Amino acid sequence: MFRKIFFILVLAVASYTVAGCAGESTSEEKITVGYVTNGISDFWVIAEKGAQDGADSMGVNVTVQMPPEGTSDQKRMIQDLLARGIDGIAVSPIDPANQGDILNEIARNTRYITHDSDAPDTDREVYIGMDNYTAGRMCGKLVKEALPDGGEVMIFVGRLGQLNADQRRQGVIDELLDRSFDPERRDPNAGPIVGDKYTILDTRTDQFDFARAKSQAEDAIAKYPEMDAMVGLFGYNPPKCLEAVKEAGKEGQIKIIAFDEEDDTLQGIKDGLMQGTIVQNPYRYGFESVRVLSSLARGDESVIPANKFIDIPARSITAENVDEFWTELKALRGE
Amino acid sequence: MKKSVGILGIFGLLVTIVLITAILEPSFTTPYNIQNTIRWTSLFGIISIGAAFVIITGGIDLSVGSVVGLVGVLLPMLLVKLGWSIPLALLAVLVVSLAIGLLHGLLITKMRLQPFVVTLCGLLFYRGFARWLTGDQTQGFGNSFDGLRQIAIGRIPITDSFGIPMPFVVLVVLAILAGIFLNYTIWGRYLLALGRNEEAARYSGINTERMIIVAYVIGALTAGIGGILFSLDVNSVQPAVHGNFYELYAIAAAVLGGCSLRGGEGTILGVIIGAAVMRVLYNAINILGIPTQLEFAIIGAVILLGVMADELVKRINEKRKRMEMQAASESV
């Protein structure tokens, strides 16, 4: 009985899929590209909108995939896309140093580009995004504006070891220590880094667990009650720092410098509780990725610049320009 | 007697961790830090109480984290997006968790499915449902509902710098209710009895199916209450990750607190102390500045050592008792 129902279900699904495919192929073999993120967040929801708009303007289909569980999930999603015979994939690699195999597997089978976070050692045709090291240095400048006389700074980030996190962190540190411009430099992941004016007390990671992000901010306040600033490198970190600072009654004493454009962050800047934030342009990441991939799929190689880098520069948002930026953002989100 | 020994072991572990951390790093004992640790302990303690009830029947509930996640996104959705009133929204999410528990209980007793399978499917289903419902978008209360959020972030001031966190009050109320239910009502005795030997309990006239359903309802209900408090506390809820692995924390707290996974054993106070051990460990790792990467390794090792020590103490006690009994019978 059960088996019969199951069989009928399978038949129904199969015939539906076959019919669907047949219907499409009669109109013209429509190009389909894949857009793979490094996780799930509001940031990627905006990028998804950009990718959809890009697909509409280019007359192609896009499949957006957001891996919830890290590298193994990302690998599975990429392989599924390849199995479908996709015409190109844009990836934000979670761990570029060790994902070489799967990333080059894309390059062997279809057109492969990176966005948001680069994997320069793989065969990607172009990287679309901002230079995270430069963005980190911009963030460091905001810390300097908040603490002109120097001070003690704590860094919070979801995960270290992925290039964008490492580069942002290094950018902040190098700027605060007035070091030369060198994106390849790496300080140890844990423990204090002491400069002349500024000290980076520690860097704590939370593996994207929001509750833990908050409790780590609280623990930092407990351990270093005299700390001067908190830097949150991933979008959700700064609002959690602000929650902790508010509950400890240390508004104003502990400055908060942010990344990305969470509503709570923008509100924090408006309310004067956060110094500022460095924002990327996820909409453009999605849009440009789909534009480049579909051009490549049609055989147009001119979309790749010589330096293999399409720069979508970061912006620094402070009390001065927060209103203007927020209005623009709301329009993008369709609010 | 045996029960109190079980609690003593875990309580000793808690005191040891607290003392070592306090000696190494004085900022551990600041009112601010103690207050935070009590708040996190309470939040995890609440979901652990429910997990304990299920474990006492010899079952397991793997869906706790996903229920926390589902309730966590439903509450802000109902309040902020749909504009429901606070009592209605709270009632709705509690009814949802109650229904989830009832469903688990019915599937396990009436359809005779294994608890592991039923709740594992629950874990997957509720997570997927929450993500689909929200389109993976973070849900939050923004700057509104500050009054409601007080039940999670508020405190009853004792001194200027120290107050009792509100979730602790919720925990104490739930713990007292759970303790009375388990130890002083006939249903509590039924639960313990059926956990030890379900067949024997059934033949002695206990409606074991009904009691098992009750246990899963309590489990899901505390997960729902925990879910409400967690979402109010962190304010922004990411549907894909909110509450991930919390079932394992709850189960670990229950087992640390003396619940046997074979069923039939467990005390509410022990479970709460178990939850406290986990949270104090997390806190200690940050306060001592141990690299976050070592977090899981340390927590795993300490729990294992704790359970090993507990088992040793139990064995020594049993041996002594046996020898005493032997001596008594010989002297007769």
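In this predicted model, helix α2 (residues 31–56) of chain B and helix α11 (residues 246–256) of chain B have axes that come within 8 Å and cross at roughly 70°. Angles of 65 to 115 degrees count as roughly perpendicular, and α2(B) and α11(B) are therefore roughly perpendicular to each other. The crossing in which α2(B) passes α11(B) is right-handed. On the α2(B) side, the residues that meet α11(B) are B:Phe44, B:Ile47, B:Ser48, B:Ala51, B:Ala52 and B:Ile55. Their partners in α11(B) are B:Tyr246, B:Tyr249, B:Ala250, B:Ile251, B:Ala253 and B:Ala254. By class, this contact of α2(B) with α11(B) has 11 nonpolar residues, one polar residue and no charged ones.

A helix pair in chain A can be set beside it. Helix α3 (residues 71–83) of chain A packs with helix α4 (residues 100–109) of chain A at an angle of about 10°, with the axes 10 Å apart. Angles under 35 degrees count as roughly parallel, which makes α3(A) roughly parallel to α4(A). From α3(A), the residues A:Lys75, A:Ile78 and A:Leu82 meet A:Ile102, A:Ile106 and A:Asn109 of α4(A). Four nonpolar residues, one polar and one charged make up the contact of α3(A) with α4(A).

| Helix pair | Axis separation | Angle |
|---|---|---|
| α2(B) and α11(B) | within 8 Å | roughly 70° |
| α3(A) and α4(A) | 10 Å | about 10° |

Chain A as a whole contains 11 helices and 13 strands. Its C-alpha trace spans about 70 × 55 × 40 Å along the principal axes. A compact globule with 335 residues would have a radius of gyration near 20 Å, and the 22 Å of chain A agrees with this.

The domain assignment divides chain A into domain 1 (31–130 + 282–304) and domain 2 (132–279). The C-alpha centres of domain 1 of chain A and domain 2 of chain A are 29 Å apart. Between them, 12 residues of domain 1 of chain A are in contact with 10 residues of domain 2 of chain A. The domain 1 side of this contact in chain A divides into four nonpolar, four polar and four charged residues.

The contact between the chains takes 28 residues from chain B and 30 residues from chain A. On the side of chain B that touches chain A, α2, α10 (208–234) and α12 (268–287) of chain B each supply at least two residues. That side of chain B has 10 nonpolar, 17 polar and one charged residues.

Technical notes: Residues are numbered from 1 along each chain as its sequence is written. Chains are lettered from A and ligands numbered from 1 in the order in which they are written. This is a predicted model: local features need pLDDT of at least 70, side-chain atom pairs count only at pLDDT 80 or more; totals for chains, interfaces and linings use all residues. Domain bounds come from an automatic or database domain assignment. Two residues are in contact if their C-beta atoms, placed from the backbone, lie within 7 Å. Ala, Val, Leu, Ile, Met, Phe, Trp, Tyr, Cys and Pro count as nonpolar, Asp, Glu, Lys and Arg as charged, and the others, Gly among them, as polar. Axes are lines fitted to C-alpha atoms, for helices over the stretch in contact, and angles run from 0 to 180 degrees between N-to-C directions. Helices (H or I, at least four residues) and strands (E, at least two) are DSSP runs, numbered from the N terminus. Angles under 35 degrees count as roughly parallel, over 145 as roughly antiparallel, 65 to 115 as roughly perpendicular and the rest as oblique. A crossing is left-handed if the near helix is turned anticlockwise from the far one by less than a right angle, and right-handed if clockwise. The radius of gyration is taken over C-alpha atoms; the globule rule is 2.2 Å times the number of residues to the power 0.38.
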